[in-house]
Amino acid sequence: MHSLIVFASGAGSNARAIIDYFKQTGRAKVVLIVSNKQDAGVLKIAAEKGIPSIVVDKNVFADTGFAKQLESYNPSLLVLAGFLWKIPQDIVHTFNGRIVNIHPALLPKYGGKGMYGHHVHRAVIENGDEHSGITIHYVDEVYDNGAPIVQAYCPVLSSYNADELAMQIHKLEHYYYPRTIDYLLQNI
Ligand code: GRF
């Protein structure tokens, strides 16, 4: 069975979708949740599901020992789901080609530092884009830069506010992220 480590610092709805999907299929297991926020909603989900979690500060995260600690879980993939810190080089190198992220827009549009959550959705609406969507991509040393794996689109209705667009984006994320991870695991 494949092991997954999920990195998340927000509400954790993607983490929940991934945990539930793999609980059902039995093809993988989330063995650890890493967060950088003590009060992140995802930590409650971890506790509810009986999954170990750790909260890291910048020092722990940047320490070269941390990659080794992650390795000890023998993860097939590191899954970023709402984790905003840049991944340190030694983690990127240790898990080369085995770190994935989800971005709530159609990269390369609306990517880069500071482009997360409602900042993205507001920009999409202000620009009058007719479509938005999600990008699941590999992670390298540069924000939102690694090779894309999957993009899924949704229409942006002229009546949408940022909350309404976020809801549509979350629907796409919850469907496609677990399934894309499942697909990738078939080749690991
Ligand atoms: C998602 O929209 C994802 O695209 C972005 O952060 C958000 C996390 O939401 N990277 P949640 O915490 O999974 O609900």
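**Notes on the fold and its helix packing**

1. Start with helix H6: its buried residues are covered by, among others, strand S5 (99-103), S6 and helix H7 (162-185). Covering here rests on contact, meaning heavy atoms within 4.5 Å, and buried means under 20% relative accessible area, exposed over 50%, partly exposed in between (1.4 Å probe, protein chains only). Helices (H or I, at least four residues) and strands (E, at least two) are DSSP runs, numbered from the N terminus.

2. Before going on, keep in mind that this is a predicted model, where local features need pLDDT of at least 70 and side-chain atom pairs count only at pLDDT 80 or more, while totals for chains, interfaces and linings use all residues. Residues are numbered from 1 along each chain as its sequence is written, and side-chain values use heavy atoms, with hydrogens and water left out.

3. Back to H6, which spans residues 117-126 and buries Val 120, His 121, Ala 123 and Val 124. They sit on the same side of H6, because their arc around the axis is only 160°; the arc is that of the directions from the helix axis to the C-beta atoms. Just past the end of H6, Gly 128 has a positive phi of about 70°.

4. Helix H2 (residues 41-49) can be read in the same way. The buried residues of H2 are Val 42, Leu 43, Ile 45 and Ala 46. Their arc is only 155° around the axis, so they too lie on the same side of H2. Lys 44, Ala 47 and Glu 48 are exposed, on the face of H2 turned away from its buried side. The cover over the buried residues includes helix H1 (13-25), strand S2 (28-35) and strand S3 (53-55). After H2 comes Gly 50, again with a positive phi, near 70°.

5. Zooming out, the protein has 7 helices and 7 strands, and from the N terminus on they run β-α-β-α-β-α-α-β-α-β-α-β-β-α. The radius of gyration is 16 Å, close to the 16 Å that the globule rule gives for 188 residues, so the protein is as compact as a globular protein of that length. That radius is taken over C-alpha atoms, and the rule is 2.2 Å times the number of residues to the power 0.38. Along the principal axes, the C-alpha atoms fill a box of roughly 50 × 35 × 35 Å.

6. Of the contacts between residues at least 6 apart in sequence, 68% join residues at least 24 apart.

7. Val 139 is worth a look: this residue is in the loop between strand S6 (131-138) and strand S7 (148-155), yet counts as buried at 15% relative accessibility. Beyond the neighbours within four places in sequence, Val 139 is in contact with Leu 80, Ile 87, Val 92, Ile 99, Val 100 and Asn 101. Lys 23, 116 residues away from Val 139 in sequence, is 25 Å away in space, C-alpha to C-alpha.

8. And where is Asp 182? Asp 182 is in helix H7, and with 4% relative accessibility this residue counts as buried. Leaving out neighbours within four places in sequence, the contacts of Asp 182 are Tyr 21, Phe 22 and Arg 27.

9. Last, charge: there are 16 positive and 17 negative side chains, with the centres of the two sets 6 Å apart. Lys and Arg count as positive and Asp and Glu as negative, without His and the chain ends; each charge is placed at NZ of Lys, CZ of Arg, CG of Asp or CD of Glu.
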